[in-house]
Each structure stands twice: as C-alpha cells, then as structure tokens.
Amino acid sequence: AAAVPTTDGFRPSLTAQRWLANRFGGDTYYNWTSRQRTTAGYDGSWMQPIAGPGLESRAHTATIEHSWRPRASTGIEIGYRSLANRQRLEAGTDQRLWIQTAEVRLRYERRLTPRKSLEFMAGGGIVKVDASEGSGLAGVDLLSPSVAGSVRLAVASAWGVSLSARRDVTVLYGLSPEPFTSDAALVTIDGTPSRRLTFNVTGGYSRGRARVGQAGEYDQSLVEAVVRYGFGTNAGLVVVYGYNDHAFRNVSLAPTSFPSQFTRNSVRIGL
C-alpha cells in the first residue's frame, strides 16, 4: 500500500474501537373488545467498550399504549413512553438521563378503490427530560412538545409506500450524554411478491440540536432493507442490510478521538 503523505500541519491518526452490544425486547397485548387493545412493551440495550476508548451505556425503554377504533375507518391512540439512559464516561462519572413522553394520535383510513387505500396519522404530546449533572453537562429539567404525522398508500393489500415525520427528544447512545431535539423524516416501501417472500426498504434523514451546553448539531442519513423468506408456517430466514451516516458539529462526544463524521454498513442474518 502507498504511504500516506504528511506535511508539517497534518499527521494521520487512527483509533481502533471494539464494542460489546446486547439488546433485548418484547411486547404483549390484551384485546378488551374487538375495537380496543392495550399494548405494553420493553426494550433494553447495553453497550460496553472492550478495546479502545469509549463509554458504557445502558438504556431501558418501557411503553404502554391503548388504541380504540370508534369506527372501522377511525382510530384513537393514547401512549406513554419512558426512556432511562445511564452512561458511564471514561473519567468514571455517571450521566443519567430520563425522558418521558405522553402522546395522543388519530388515525384515519380512506378507501380510494377496491384495491387502493390511504391511511393518515397525526398526533402530538409532551416530552419531559430530566438529566443529572455530568462531565461538561449541567443538570437538565425541561419540557418540549412532540409532533408526529404519516401517510401510507396501500395497493391490493400486498404493496405499500409510506411517508412519516416526527419531532421529538432523543439521545445518542454511547456517543454523547446530551439530550437533542430531533426532526426526522422516513420513506418506506413494502411488498409481498409471493406468499413466502416479503420485503421493506426504508430511507430517512434526521437532524438534532442539543438542548443544553453548546449549540451542537448532528445529521444522520440511513437506509435499511429487510427481506424475509418463510419455510413452511413456523420458520423463516431474515436478511437485514443497514447503512448509517453521521456528522457532528460542536457536539461534546464522550469517547476520546471519536470522528466527527463516520459511515457504517452492516449485514445481519437471522432465523
């Protein structure tokens, strides 16, 4: 390989990092009537550096939602989400963040033709953020609105395309202890070419702005493609491709020497 040329003002530097990441989740529901359902779910993730700089991150998300369809074409959803995130910085200090979200959403479906339909969703709520003091971050106690909306076109119940947008408060797990106000938009195409084969492709973009500290921002672009193939009625193969591109500006990244811009490609296979 050719050597990288250097000048007096530039020295190339590479930092290797290895992480151990675990994730567990599940949900359950109960149908009160044919038109009312309550769903509860949990999602937990643990990230720990095993080589190179980094921080330990633990996140626990619990959700509960009640949906009611007063009419066949109209639905009302009331939901609550609690996200507790603890990040242990390299200096040994802990940063704790608690985000609670309460929302109300309205869904409406309109039949265009016997083979086509449109589904709309609009909603919003309030987000409460509590964060303890940490390295370079003062304590946080704030309220922020959340807004969400989507539209989906379904064709012959086997093909569909949807567009969604959301404004919320989020956290960059394992990267920064700061809460961010994020604006995100997603486009998803899904299809069922055959009885055994289904797929969906999602592309999206989001931008976040730090709520405390510096006037930091981040940009994220993503693509995810999922293909499922069923073997009989009880088993199937799942292949997932993911692409992520992040760019940070004036964000206090906790891991030492973490790049301000990086791209990640991944392929996962499961049964």
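Trainee: Where does Tyr241 sit?
Mentor: Tyr241 belongs to strand E12, which covers residues 235-249. Strands here (E, at least two residues) and helices (H or I, at least four) are DSSP runs, numbered from the N terminus. Keep in mind that this is a predicted model: local features need pLDDT of at least 70, side-chain atom pairs count only at pLDDT 80 or more, and totals for chains, interfaces and linings use all residues. Residues are numbered from 1 along each chain as its sequence is written, and side-chain values use heavy atoms, with hydrogens and water left out.

Trainee: OK. Is Tyr241 buried, exposed or partly exposed?
Mentor: Tyr241 is partly exposed, because its relative accessible area is 33%. The cut-offs are under 20% for buried and over 50% for exposed, with partly exposed in between (1.4 Å probe, protein chains only).

Trainee: And what does Tyr241 touch?
Mentor: Leaving out residues up to four places away in sequence, Tyr241 touches Val223, Glu224, Ala225, Asn265, Ser266 and Val267. Contact means heavy atoms within 4.5 Å.

Trainee: Let's zoom out. How many helices and strands does the protein have?
Mentor: Zero helices and 13 strands. Along the sequence the pattern reads β-β-β-β-β-β-β-β-β-β-β-β-β.

Trainee: What share of the residues is buried?
Mentor: 30% of the 271 residues count as buried. The protein exposes about 16300 Å², and carbon and sulfur atoms supply 57% of that. Those areas come from the Shrake-Rupley method with a 1.4 Å probe, and for residues only the protein chains shown count as cover.

Trainee: Which residues make up the largest nonpolar core?
Mentor: That core has eleven residues: Ala59, Leu83, Leu97, Ile99, Val127, Val129, Ala131, Val140, Leu142, Val169 and Val171. At least two residues each come from E5, strand E6 (116-131), strand E7 (140-155) and strand E8 (159-171). E6 gives the most, with three residues. Apart from this core lies another, of six residues, including Leu172, Phe180, Tyr218 and Phe248. A nonpolar core is a set of buried Ala, Val, Leu, Ile, Met, Phe, Trp, Tyr and Cys residues joined through side-chain atoms within 4.5 Å.

Trainee: Which residues line it?
Mentor: The lining of the second largest pocket is Thr63, Ile64, Glu65, Gly79, Tyr80, Arg81, Thr101, Ala102, Glu103, Arg105 and Arg166. E5 provides the largest share, four residues. Strands E3 (56-71), E4 (74-88) and E5 (94-113) each supply at least two.

Trainee: Back to single residues. Is Ser182 buried or exposed?
Mentor: Ser182 is buried, because its relative accessible area is 9%. Ser182 is in strand E9, residues 179-191. Not counting residues up to four places away in sequence, Ser182 touches Arg166, Arg167, Asp168, Thr170, Arg207, Gly208 and Tyr218.

Trainee: And Ala215, buried or exposed?
Mentor: Ala215 is exposed, with a relative accessible area of 68%. Ala215 is in the loop between E10 and strand E11 (217-231). Beyond residues up to four places away in sequence, Ala215 touches Arg249 and Asn250.

Trainee: Last one: where is Gly204?
Mentor: Gly204 is in strand E10, residues 197-210. Gly204 counts as buried because its relative accessible area is 16%.

Notes. 1 Å grid on protein atoms, 1.4 Å probe; cavity = no way out; pocket = protein on both sides within 12 Å on 5 of 7 lines; lining within 4 Å.
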